[in-house]
Each structure stands twice: as C-alpha cells, then as structure tokens.
Amino acid sequence: MPTRPFEVYMISESGKTIKTHIGTKVTPDYSINDSPTFDILLVPGGPLRAIQSISKNKKIIEWIKSQKSIEYICSVSTGAYLLG
C-alpha cells in the first residue's frame, strides 16, 4: 500500500503565486496551461465578490468545463458558484 495515496497539486490561471483575500500567499505547482491530468478537482471558495469576478474569467471557466476526464469534481463553499 502506498504511503501517499494522493498527489496533491495546486494550480492557478498563470502558475504565478497568488494572494488570498486574507493575505496568505499560495504558490501553485502549475498553470491551467501546463497542468497534468487530474482524477479529482477541488474548486475552492472565497468571498462571493471574488468568486463572481472569477466567474467572468472565460479562460478559467472554459478550463473547468474542459476537464471531462476527471472522475470527481467538487467544491468548497462558494466554489460551487463556479461549478454551477
């Protein structure tokens, strides 16, 4: 049995470090252009205003829609707004 049953990667639109609404810096492993194939996709939530802004980003929304081979797609909190 593997000691790490999951490999967890973070992605962002550009692959550059992003700053969350509370100031935490997150350094993604990939951009949406060079990300590997995933089995599970977790779309995080955040302040509704930020999620509404992202929902207008066609590049991100089209990338999410294109992930047809992912076995499980889920969200946390307001991330469901993006999946809707």
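This is a predicted model: local features need pLDDT of at least 70, side-chain atom pairs count only at pLDDT 80 or more; totals for chains, interfaces and linings use all residues.
Here are some questions and answers about the chain shown above.

Reader: What is the mean pLDDT of the chain?

Author: The term pLDDT stands for the predictor's confidence in each residue, from 0 to 100. In this chain, 98% of the residues reach 70 or more. The mean is 91.

Reader: Where in the chain is confidence highest?

Author: Helices (H or I, at least four residues) and strands (E, at least two) are DSSP runs, numbered from the N terminus. Confidence is lowest in helix 1, residues 48-54, at a mean of 89. At 96, it is highest in strand 4, residues 30-31.

Reader: In what pattern do the helices and strands follow each other along the sequence?

Author: The chain has three helices and six strands. Read along the sequence, they give β-β-β-β-β-α-α-β-α.

Reader: What is the radius of gyration of the chain?

Author: This value is taken over C-alpha atoms, and the globule rule is 2.2 Å times the number of residues to the power 0.38. For 84 residues the rule gives 12 Å, and the chain's value is close to that, so the chain is as compact as a globular protein of that length. Along the principal axes, the C-alpha atoms fill a box of roughly 45 × 30 × 25 Å. The radius of gyration is 13 Å.

Reader: What percentage of the residues in the chain is buried?

Author: Buried means under 20% relative accessible area, exposed over 50%, and partly exposed in between, with a 1.4 Å probe and protein chains only. Of the 84 residues in the chain, the buried ones make up 21%.

Reader: Is Gln-67 buried or exposed?

Author: Gln-67 sits in the loop between helix 2 (58-66) and strand 6. Because its relative accessibility is 14%, Gln-67 counts as buried.

Reader: And is Asn-33 buried or exposed?

Author: Asn-33 lies in the loop between strand 4 and strand 5 (40-43). Its C-alpha atom is 10 Å from that of Ile-60, which is 27 residues away along the chain. With a relative accessible area of 59%, Asn-33 is exposed.

Reader: What is the phi of Ser-77?

Author: Ser-77 belongs to the loop between strand 6 (72-75) and helix 3 (79-83). Its relative accessible area is 62%, so Ser-77 is exposed. Although Ser-77 is not a glycine, its phi is positive, at about 55°.

Reader: How far apart in space are Phe-6 and Thr-24?

Author: Phe-6 is in the segment before strand 1 (11-12). At 55% relative accessibility, Phe-6 counts as exposed. Phe-6 and Thr-24 are 18 residues apart in sequence, and their C-alpha atoms are separated by 24 Å.

Reader: Which residues is Ile-18 in contact with, leaving aside neighbours within four places in sequence?

Author: Ile-18 is part of strand 2, residues 18-19, and is partly exposed, with a relative accessible area of 41%. Contact means heavy atoms within 4.5 Å. With those neighbours left aside, Ile-18 is in contact with Ser-12, Thr-24, Lys-25 and Val-26.

Reader: How far apart are the centres of the positive and negative side chains?

Author: Lys and Arg count as positive and Asp and Glu as negative, without His and the chain ends. The chain has 10 positive and 7 negative side chains. The centres of the two sets lie 14 Å apart.

Key:
Residues are numbered from 1 along each chain as its sequence is written. Side-chain values use heavy atoms; hydrogens and water are left out. The place of a charge is taken as NZ of Lys, CZ of Arg, CG of Asp or CD of Glu.
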